Amino acid sequence: SAVTPIVSGEYSHHRDRAAMASRVSFTQIRLEAELERYRAECQWDKMPAIIDQMHAARIHEDDDYGTLLMAEALLEECLQENMDLLRRSIPLMDKTQPRLCRAKGHLNTILSRGRLTPRYLNEALLLMAKVHYVQGRYRDAQGMCARVGLEELTLDDQPTYHLRLLAEAFVIKLSLDHQTVSAVSRVRLSEREEESLSCYLKACDAALSYLQELDKVVTTPHTKTAKASLLPPPVDIDLGYFLQAALQSAYICLLQRSAARKLAEVLLSSVSEDSYWPPLGPPPPSWLHREGAAASKDAIYPTVKPPQRYSTECFCPQDVVEEAVLLLLITESMASGEAVISRLPDQAEARQASLQDAASVYDLLTIGMARRGQYAMLSECLERAMKFSFNEFHLWHQLGLSLMAAGKGVGAVSVFKECARMRPEDPSLPLLAAKVCIGQLLWFEEAGALSQSVVSMGEEAGEFLPRAYMALGLCYSLQASDTLKEDRNKFNKKALQALSAHSLDPQDAQIAMYLALQLALVSAAMEPLQAALNLHGDDLHSLHLLTLLLSAQKHHRHALDTLGLALSQHPDNFLLFTKVKLEEALFGPAAALQTCEEMLQRWQSRYDVSRSETDDSSSIPMAEKTEVSPGGRKPSIHLTLPDFQDTSTAVSRLEAALSEVSEISSTRRHGPTYIWTTLERIWLQAELFMADGRLKEAQFCFTEASSIFPNSYSVLLQRGRLAELRGQLDEAKGLYDEALAIHPTGERILVHMGRLLVKSGRVHLGEKVLRDAVQVHSTSHEAWSGLGEALQSRSSRQAPDCFLTALELEASCPIRPFTIIPREL
């Protein structure tokens with residue numbers, strides 16, 4: 001009985017110790033797993049807390065594992081804070097970097113004690129090599145790398161962070177080889193090139209493998225969170241300096257700038273679309289037979305674990321232009337990153353060489369991206385080149401052209417002005433800026449000043465002098481269209497004087513056409529137009545102007561024949577709007593509606609709205625996607641004019657039409673705005689339905705137009721007219737008010753508003769609105785006729801004069817305003 005308690009006590013003591021050991025073991029596994037995860041995800045700020053828990057649990061008491069982790073966390077945080085200095089190769093000093101100093105002290109203590117296992121000793125040596133490297137002591141760093149056993153990091157079943165350490169080790173080794181290079185024999189130099197190639201590939205493979213393994217760890221939910229159907233929050237991983245260098249090493253190795261540039265040049269100049277096959281697709285059998293059997297790329301990979309190759313999730317070029325542009329974008333990123341920026345005299349030769357290399361890459365990028373219409377992306381690439389392109393005219397000029405093509409008018413004008421500062425003797429540069437001011441920005445005064453600067457050059461401007469006068473005349477003409485009557489005559493006179501410079505270049509058909517257009521706005525224009533047609537008989541705008549002039553003389557049949565000739569030579573142009581007006585005048589609304597139907601079908605064939613469902617990742621323009629990938633697309637929406645004359649089917653047809661409208665408006669619109677502006681204008685031809693008394697059809701078309709641009713003043717005007725025809729005068733006035741708020745000087749809006757006010761009994765207010773219309777649009781016969789009606793309603797003696805003026809103006813009024821012809825350089 002006396003022995004039992006002793007035995008029982010000893011047994012209980014050993015059992016408690018075993019349980020404590022078991023608890024310590026589980027705690028150690030948990031803490032080490034968390035530390036490995038934080039080291040893999042580069043979450044250095046979370047590591048000190050785990051290290052404190054490990055010390056409290058008395059784990060790794062016999063070695064310096066905790067000190068190693070603390071040194072790594074301090075070092076990596078210091079490197080993240082000093083990325084700019086590292087990229088500029090500026091050494092980090094102990095005095096200014098306390099974290100680096102503490103990390104270095106910890107590592108010196110660890111290496112002097114020698115208490116770590118070989119696995120962790122390798123990590124300590126690599127960390128000390130990084131410390132020496134960032135401090136500029138390359139010989140010491142090289143000595144540390146020589147002691148690192150890289151084979152320990154390439155074994156199977158290694159933690160994820162070992163792949164990061166392996167990539168960094170190869171990068172440091174490669175960088176040290178370049179830093180310590182000296183005069184060696186040609187044989188030794190060849191061996192070093194092979195070693196560098198091997199290091200490049202190993203660093204890239206290890207970095208890619210690390211990111212792929214890390215992606216699996218981060219995107220795989222934890223067991224507990226998986227049960228709760230909750231994914232862990234995304235981890236924001238900040239790749240360090242050495243890991244970024246490892247990833248970039250693939251481009252440096254496999255895509256040397258000169259080789260990539262030459263390959264892109266060959267692809268753009270010598271490889272046809274028919275002979276190209278995608279990188280992930282099999283080559284044609286004839287090519288395989290010609291080239292012979294090729295070894296698998298996996299067979300030459302130098303690492304134990306090459307990275308996974310994605311086959312479907314990554315971007316893959318689909319044609320020769322995409323592959324060339326991809327090569328050039330990679331080359332451009334390296335060229336812009338490694339360009340010599342220093343303006344020191346001793347760097348002049350290196351700066352010029354790097355600039356020439358970069359310029360050749362940007363020239364090829366311009367060729368490739370222009371084929372796909374990717375001007376916005378091209379301008380972004382050229383903007384990156386500006387940091388090393390001070391006073392380099394060629395790159396600035398290319399940037400200005402790309403900005404102009406991308407529709408970035410403000411930037412283009414600024415760049416062209418800078419180009420003109422570099423080459424003040426070149427007259428084309430101010431004219432390019434004036435072209436953007438006129439065509440994109442509507443800065444007529446600025447364009448006039450730029451054109452005047454070329455005119456002031458006189459004979460030094462050479463062949464650009466007549467063009468400068470033409471630009472100046474266009475500026476005055478456009479300003480005349482936007483001003484009141486007092487200033488309009490002054491600007492029209494200046495425009496005629498400038499455009500009379502046609503005598504400086506009688507063979508320029510465009511100047512002759514614009515002179516005819518300006519004369520058409522103020523007087524007769526047949527003689528200069530005939531000269532323009534003699535020089536360029538199939539010019540679209542000249543034929544269109546001739547059509548309008550014939551319609552102004554009320555020769556509508558001849559005008560329609562002339563327009564038919566223009567459409568036969570330019571079938572893709574939407575001259576059909578003018579044809580609709582001529583057919584309405586000759587044959588009535590019903591015949592004109594057939595042309596509207598043709599316009600809808602033509603728009604449908606050119607700008608299919610179902611393309612909004614296609615993939616945006618391809619660089620192939622919208623017009624080509626139908627031919628490239630016809631399968632798997634949503635069926636096109638059939639656009640057609642409504643017909644509700646059959647009352648038995650009117651309700652069902654209206655419901656189907658409105659559902660079709662909602663389908664169009666719900667799709668995501670692609671392409672330039674003018675595509676959808678054209679469709680809106682087609683639907684607004686529904687005023688033909690109103691002229692034919694078919695108000696339901698008109699309402700449908702206006703609903704279509706409103707679904708495209710709900711706040712368009714043209715849509716609001718037509719909706720107001722429709723409400724007025726239905727007798728809903730208050731609604732019509734509200735819609736006219738909204739249209740006037742958007743476009744206060746709109747001729748038709750003012751006329752319809754004034755007539756509505758007169759009709760509703762508010763004669764004096766209607767008269768005021770119509771007088772405003774006459775003041776702004778003094779050549780509008782509708783405005784004068786409306787003013788005459790207002791004056792007649794209150795028995796004014798001025799009414800007959802207004803009607804007479806309206807008749808005189810209507811006798812010489814074209815079927816559409818002359819100003820619809822674009823005035824641009």
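How many nonpolar, polar and charged residues does the lining of the largest cavity have? By class, the lining holds 7 nonpolar, 2 polar and 5 charged residues, where Ala, Val, Leu, Ile, Met, Phe, Trp, Tyr, Cys and Pro count as nonpolar, Asp, Glu, Lys and Arg as charged, and the others, Gly among them, as polar.

This is a predicted model, in which local features need pLDDT of at least 70 and side-chain atom pairs pLDDT 80 or more, while totals for chains, interfaces and linings use all residues. Residues are numbered from 1 along each chain as its sequence is written, and side-chain values use heavy atoms, without hydrogens and water.

**The largest cavity.** Select Glu76, Glu168, Leu239, Gly240 and Tyr241, the closest to the cavity centre of the 14 lining residues. A cavity is a set of points on a 1 Å grid over the protein atoms alone where a 1.4 Å probe fits but cannot get out; lining residues have an atom within 4 Å of a point. The volume here is about 110 Å³, taken as the space filled by probe spheres set on the points.

**The nonpolar cores.** Next, select Tyr362, Leu545 and Trp683, which touch the most other members of the largest nonpolar core, a set of 125 residues. Such a core joins buried (under 20% relative accessible area, 1.4 Å probe, protein chains only) Ala, Val, Leu, Ile, Met, Phe, Trp, Tyr and Cys residues through side-chain atoms within 4.5 Å. A second, separate core of 62 residues includes Ala40, Cys78, Leu163 and Leu174.

Methods. On a 1 Å grid over the protein atoms alone, a cavity is a set of points where a 1.4 Å probe fits but cannot get out, and a pocket is an open set with protein on both sides within 12 Å along at least five of seven lines; lining residues have an atom within 4 Å of a point. Buried means under 20% relative accessible area, exposed over 50%, partly exposed in between (1.4 Å probe, protein chains only).
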